[in-house]
Number of protein chains: 2
Amino acid sequence: MNRLDSDTVVQIGIIVADVEKTARGYAEVFGVPLPQAVPIAVDSFAHTIYRGKPSQAAGRAAFFHLGAIEIELIQPVGAPSTWEEFLRQRGEGIHHIAFRTAKIDEAQDFLRSKGMDLVQSGGWDGGRYAYLDASGQLGTILELLHFD
Amino acid sequence: MNRLDSDTVVQIGIIVADVEKTARGYAEVFGVPLPQAVPIAVDSFAHTIYRGKPSQAAGRAAFFHLGAIEIELIQPVGAPSTWEEFLRQRGEGIHHIAFRTAKIDEAQDFLRSKGMDLVQSGGWDGGRYAYLDASGQLGTILELLHFD
């Protein structure tokens, strides 16, 4: 692989301190229904690995669809996770842009060959994800999303 | 206006220290042509207002189209600007998400009524923009874009 097998941003992830509060803000500003916040990284599919070690940290998330883009609001729950790390180090703000990939292992290897650290990986009932720290190369963390 | 007249994210703005360096990163990772960096906020259309006062600050920008989204890399040039402020306070990172609006004045007034400060506004040959600080409400700065 000499390039990522996707060039379509599908999601923007925003770290927040209180997911219900920020979700109410989005619903009001954009005139859309208020989604229910849902737990993430809590079930038997999670297998969360943070900087090389298993972690029980989790999150609470709310999703909005604004045009072709999904906005994911994430409130960290517990530690360690890239979500908790970001909130502690930088405060609320945009944490990642996500790309869908058919070959997540190859895509990870490619990005790591560009000097990006694998910060966190895990899964859900239906897919797997990986966060690569591209701060130095692309000015943000990237998330790879793989759907089974 | 009781909601924003757009719910489509059209652009993600990323503040970087060296626009050519980061642009090379995007071109390599996504396998797309390297765009020429261009000066922004430098011509007679700029009329930059930063926190209520005219500013001569500018930027250098490079644009990528990744799916339905434009990625704008912005290197601050001079001060004061929201770009320079962000780089100084937070370092490189995602600065804003942008929405296209047909009624930028009404949209600004609506967002200000929600407690968001008008941080910077200005124009180019073809349109006008405004940055509203929605950090506390939406976890990010919003940009409104109006095309003449």
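**Where the chains meet**

Modeller: Let's start with Thr22(B), which counts as buried because its relative accessibility is 2%. For that label, buried means under 20% relative accessible area, exposed means over 50%, and partly exposed is in between (1.4 Å probe, protein chains only). Keep in mind that this is a predicted model: local features need pLDDT of at least 70, side-chain atom pairs count only at pLDDT 80 or more, and totals for chains, interfaces and linings use all residues. Residues are numbered from 1 along each chain as its sequence is written, chains are lettered from A and ligands numbered from 1 in the order in which they are written, and side-chain values use heavy atoms, with hydrogens and water left out.

So what does Thr22(B) touch, leaving out residues up to four places away in sequence? From its own chain there are Val16(B), Leu73(B) and Glu92(B), and from the partner chain Gln137(A), Leu138(A) and Gly139(A). A contact here means heavy atoms within 4.5 Å. Thr22(B) sits in helix H1 of chain B. Helices (H or I, at least four residues) and strands (E, at least two) are DSSP runs, numbered from the N terminus.

Now hop over to the partner. Thr22(A) lies in helix H1 of chain A, residues 19-30, and with 2% relative accessibility it counts as buried too. Its contacts, apart from neighbours within four places in sequence, are Val16(A), Leu73(A) and Glu92(A), plus Gln137(B), Leu138(B) and Gly139(B).

Let's zoom out to the whole interface. Chain A and chain B put in 40 residues each. The size of an interface is often given as the accessible area lost when the parts come together. For chain B and chain A, that is about 3,100 Å², with 61% of it on carbon and sulfur atoms. This buried area is the accessible area (1.4 Å probe) that two parts lose on being put together, summed over both. On the chain B side, Val29(B), Phe30(B) and Arg90(B) supply 21% of the area buried against chain A, more than any other three residues.

Next, the polar side of things. The rule finds 15 residue pairs in polar contact across the interface, both residues at pLDDT 80 or more. A polar contact is a pair of N or O atoms within 3.5 Å; within protein, one must be able to donate a hydrogen and the other to accept it, and residues adjacent in sequence count only if both atoms are side-chain atoms.

Which parts of chain B face chain A? At least two residues each come from strand S1 (9-15), helix H1 (19-30), strand S6 (69-77), helix H2 (82-90), strand S7 (93-100), helix H3 (104-113) and helix H4 (135-138). H1(B) gives the most, with seven residues. Sorted by class, this side of chain B has 19 nonpolar, 14 polar and seven charged residues. In this scheme Ala, Val, Leu, Ile, Met, Phe, Trp, Tyr, Cys and Pro count as nonpolar, Asp, Glu, Lys and Arg as charged, and the others, Gly among them, as polar.

There are also two salt bridges between the chains. A salt bridge is a side-chain nitrogen of Lys or Arg within 4 Å of a carboxyl oxygen of Asp or Glu. One of them pairs Lys114(B) with Glu28(A), at 2.9 Å from N to O.

The C-alpha atoms of chain A fill a box of roughly 45 × 30 × 30 Å along the principal axes.

The peptide bond joining Ala79(A) and Pro80(A) is cis, with omega about 0°, and Pro80(A) is in the loop between strand S6 (69-77) and helix H2 (82-90) of chain A. In chain B, the bond from Ala79(B) to Pro80(B) is cis, with omega near 0°, and Pro80(B) lies in the loop between S6 and H2 of chain B.
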